[in-house]
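Let's take a walk through this one, piece by piece. Have the sequence and the model open as you read.

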Amino acid sequence: MRGRLLALGLCCCLLLTGCSALLSREYSAVTPHNAVPTAEDDSSTLRAESYQELVNALLYLVTQRADQGTIRLFGDGETVAADLAAARQEVMQEDPLGAYSVKDIQYELTAVVSSYEADLHLTYRRTPEQVASIVPATGDNAIRRELGQTLQRFGEELVLRASYFEGDEAHIQALAREAYFSAPEYALGLPSLTVTVYPETGRQRIVEILLRYPLDGAQLQERYGALDRVLSRWANDYWNYQPLDFAQALAQRCSYDPEGGSTPYHVLVERRADSQGAALALLALCGRVNQRGELVEGILGENQEPHFWTVVDTENGPRHLDPFPPEGAEPALRTDWEMEELGYAWDRENTPVCAGESLDSSRLDVG
């Protein structure tokens, strides 16, 4: 009986407390605090009793964009002076944000009873807006994605806080090239990149990327608008086209010029382009009607001239498709073996295997 009464009382307690919890909205309160200890007699003075605490204090001032600050240090004068000089160098040269944004840290060290006080003056090479615009990116996929978004708005600067990044300028250049070719509608001129990494080594670094396009912003926007209108018209008029249909239409409507333009704009608006422009135009058209494909960069012929084409999805698997094949050949869906017979060569490891029977078809009369 006593056990039943105890259980009943417990249930009542749960009802009294639980209902209010169920009826009220859950919330969490976060109280900001300074992880860097401050002096007991002066909250504006930071306190550092070890080398790591000293580095943390300097980094705190940097993250707060402080122009000046005071740090109270403990130990003998020679050790304190050596630690302060080393911590200054570490923050300015080894920490990503410090190496990117700090121009100089000057200080005066003064003995105060049983401690020392360092009065610091900080100057910066970056504006608060530049620091605030830093984008976090973990791994190559995130870096490539951010590069792609920058290219699609024809942006001229991208600054990343890259984690697990051990690459160099050449690696960023390669990722930017991949991002450019993966968005054919915006591929209106591959920009040149200036890449600076802060610091030069480490698994977390700030990567500053400056982009310079062949055309200015107004020209790029004008060409993008013209290209978008043509792509929309093609997608509306030929909504039931397959990739081969588009390739044959491009071959009929555009003149191949090895020295011509290398963008979809040159193909669909000016109607004269090289293989890169034709391949990108084909991918842009396929994208408008939800057909999948990817760019292939290889070589063609005895002279091993650089050449671009596509690999597209078909009901029988991936197939090569080139709007501008060698003289005497017509655009067709081809296997790896058929491409080799025509003199093509490419990176097999990073290109889908195109095996099986030929899917060749006669050219369409698209006028």
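A residue counts as buried when its relative accessible area is under 20%. Keep in mind that this is a predicted model.

As for sulfur–sulfur links, the count of disulfides comes to 0.

## The four-stranded sheet

Next up is an open sheet of 4 strands, ordered E6-E7-E9-E8, and the pairing in it is mixed. Why do E6 and E8 each have a side without a neighbour in the sheet? Strand E6 (135–138) and strand E8 (192–198) sit at the edges with a single partner strand each, so one side of each has nothing next to it in the sheet. On average, neighbouring strands here are turned by 30° against each other, if you ignore direction.

Look at the E6 end of the sheet. E6 and strand E7 (residues 157–163) run parallel and are joined by 4 bridges. Ala137 has its bridge partner in E7, namely Ala162. Helix H6 (residues 139–152) packs on the sheet, where H6 touches E6, E7 and strand E9 (204–212). The direction of H6 makes about 170° with that of E7. Helix H7 (residues 169–181), for its part, lies across E8 and E9 and runs at about 135° to E8.

In soluble globular proteins, nonpolar side chains tend to be buried together. Here the largest nonpolar core has 61 residues, and those touching the most other members are Ile143, Val207, Ile209, Trp234, Phe246 and Leu268. Which helix gives the most to this core? That's H11 (residues 275–288), with 9 residues.

Setting aside neighbours within four places in sequence, Leu268 is in contact with Leu227, Val230, Leu231, Trp234, Leu250, Ala281 and Leu285. Another core lies apart from the largest one; this other core has 30 residues, including Ala48, Leu73, Tyr100 and Val102.

Strands of a sheet pair through backbone hydrogen bonds, either parallel or antiparallel. Strand E12 (residues 293–300) pairs with E13 in the antiparallel sense, over 8 bridges. Gly293 is found opposite Val312 of E13. E12 and E13 make a hairpin with 4 residues between them, and Gly301 in the turn has a positive phi of about 85°.

E13 also runs antiparallel to E14, with 3 bridges joining the two. In that hairpin, 6 residues lie between the strands, and Gly317 takes a positive phi near 110°. Strand E13 (residues 305–312) has 6 of its 8 residues buried, so the rest of the structure largely encloses this strand.

## His320

Is His320 buried or exposed? The relative accessibility of His320 is 0%, so this residue is buried. His320 belongs to strand E14 (residues 319–321), and Val311 stands opposite His320.

What do the side chains of His320 and Asp336 share? They are joined by a polar contact of 2.6 Å. Leaving out neighbours within four places in sequence, the contacts of His320 include Trp309, Thr310, Val311, Met339 and Trp346.

Note on methods. Residues numbered from 1 in each chain as written. Predicted model: local features only at pLDDT ≥ 70, side-chain atom pairs only at ≥ 80, totals over all residues. Heavy atoms only, no water. Pairing = 2+ DSSP bridges. Axes fitted to C-alpha atoms, helices over the stretch in contact; angles between N-to-C directions. Contact = heavy atoms within 4.5 Å. Disulfide = S-S within 2.5 Å. Core = buried A, V, L, I, M, F, W, Y, C linked by side-chain atoms within 4.5 Å. Buried < 20%, exposed > 50% of the residue type's maximum accessible area, 1.4 Å probe, protein only. Polar contact = N/O pair within 3.5 Å; in protein donor to acceptor, adjacent residues only side chain to side chain.
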